[in-house]
Amino acid sequence: MDHSPRWKQRPSGSNWGDFGADDQAGRMNLVTSEKVLQGLAEVREGRTFCLSLPLDFPGGNALNEKRHPPVLRPTLRNGHPNMNYRMRDEHSHLTDVLCDDLAILHLQYSTQWDSLAHIGQLFDANGDGIPEPVFYNGYRAGIDIIGPNAAADAGLPPTATAPSTSAARALGIENMAERCVQGRAVMIDLRAHLGEQRTSVGYDALMRIIDHDRLEIESGDMVCLHTGFADALLAQNRQPSAAVLNGIGAELDGRDAGLLNWITDSGLAALISDNAAVEALPAGHTDGCCAALPLHEHCLFKLGIHLGELWHLTPLATHLRRQGRYRFLLTAPPLRLPGAVGSPTTPVATV
């Protein structure tokens, strides 16, 4: 463990400093060249699966009132919309017809990765008895992860030229993108065992499924959880019903200490689900001060494990089960967008 000038004590059960005092990659460090080769060794059919929802799903903001669907607009060219723009309007001999657009995009609206700057905690990293807002490996709110104080500087900007007002100077999603995010992944098919009804999955239930399907999860593997939730979103065709969605799909029990210990001990490099948060929300009640998102706290804050949410896993999970397989090559880089705390992704599975 390398000690850091940012912290004098690290959270119980964390790995701060284990990958270096200034590490920003977390357990993506375990996705080594050997893990890439292991992933490539799982390619037998040359068949590919797109694991992303269309990025305008789920539709509306029933899943998260703060996030909204993408907006597409054309750029401007000579004072005119740059969509189906005829170049002959500039030079009569030209035949080109141009289209050029922009997107207003909430980065965690649809299929996404959480960066390690997405969730921090109030924790006494200085050892002086006073908790301060910190993130994985002791990076600091207000120093390494910055944002505005005024509401006018948040949300949708008033103009397209408005400046950026927040940035993860450390732990931004670009650190994950630079790792390429390619390696061996494992599918745990919760839906095949538990059906489509909403249920909370703790350590014991998860181990029964892993044992029944004879799954082996090794250090550096990326783990996918298939619940069927994304299928339900697609069936609602961009008009999601919160009442319906609240009854669909398995969720991990973030308050289950055994489950959190398994995440630590398994060495998994990333944890991915087709539901909205991987873990159950709201989390179960517990006495005393605690995290509202305990699995996010454990993964993002303590261990540096990126979380993938709202992936479309059903076609792949169905194919793997029919073939008696559970491992595959996963390629899933986020956008290389410096300073962002989350990112859309268009993951590809190759089997």
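View 1. Helices (H or I, at least four residues) and strands (E, at least two) are DSSP runs, numbered from the N terminus.

The model is predicted: local features need pLDDT of at least 70 and side-chain atom pairs count only at pLDDT 80 or more, while totals for chains, interfaces and linings use all residues. Residues are numbered from 1 along each chain as its sequence is written, and side-chain values use heavy atoms, with hydrogens and water left out.

**View 2. The largest nonpolar core.** A nonpolar core is a set of buried Ala, Val, Leu, Ile, Met, Phe, Trp, Tyr and Cys residues joined through side-chain atoms within 4.5 Å. The largest one has 45 residues, and Leu171, Ile188, Leu206, Trp262, Ile263 and Leu271 touch the most other members. Elements that give two or more residues to this core include strand E13 (182-189), helix H4 (203-212) and helix H7 (257-266). Apart from this core lies another, of 27 residues, among them Trp113, Met176, Met187 and Trp311.

**View 3. Helices H4 and H7.** The axes of H4 and H7 come within 8 Å and cross at roughly 50°. Axes are lines fitted to C-alpha atoms, for helices over the stretch in contact, and angles run from 0 to 180 degrees between N-to-C directions. The two helices are therefore oblique to each other, a word for angles that are not under 35 degrees (roughly parallel), over 145 (roughly antiparallel) or 65 to 115 (roughly perpendicular). Tyr203, Leu206, Met207 and Ile210 of H4 meet Gly258, Leu259 and Trp262 of H7, contact meaning heavy atoms within 4.5 Å.

**View 4. Leucine 102 in strand E7.** Leucine 102 is found in strand E7 (residues 101-104). Leucine 102 is partly exposed, with a relative accessible area of 34%. Leaving aside neighbours within four places in sequence, leucine 102 is in contact with Val71, Leu72, Arg73, Pro74 and Thr75. The C-alpha atoms of leucine 102 and threonine 75 are separated by 6.4 Å, although the two are 27 residues apart along the chain.

Terms used
Buried < 20%, exposed > 50% of the residue type's maximum accessible area, 1.4 Å probe, protein only.
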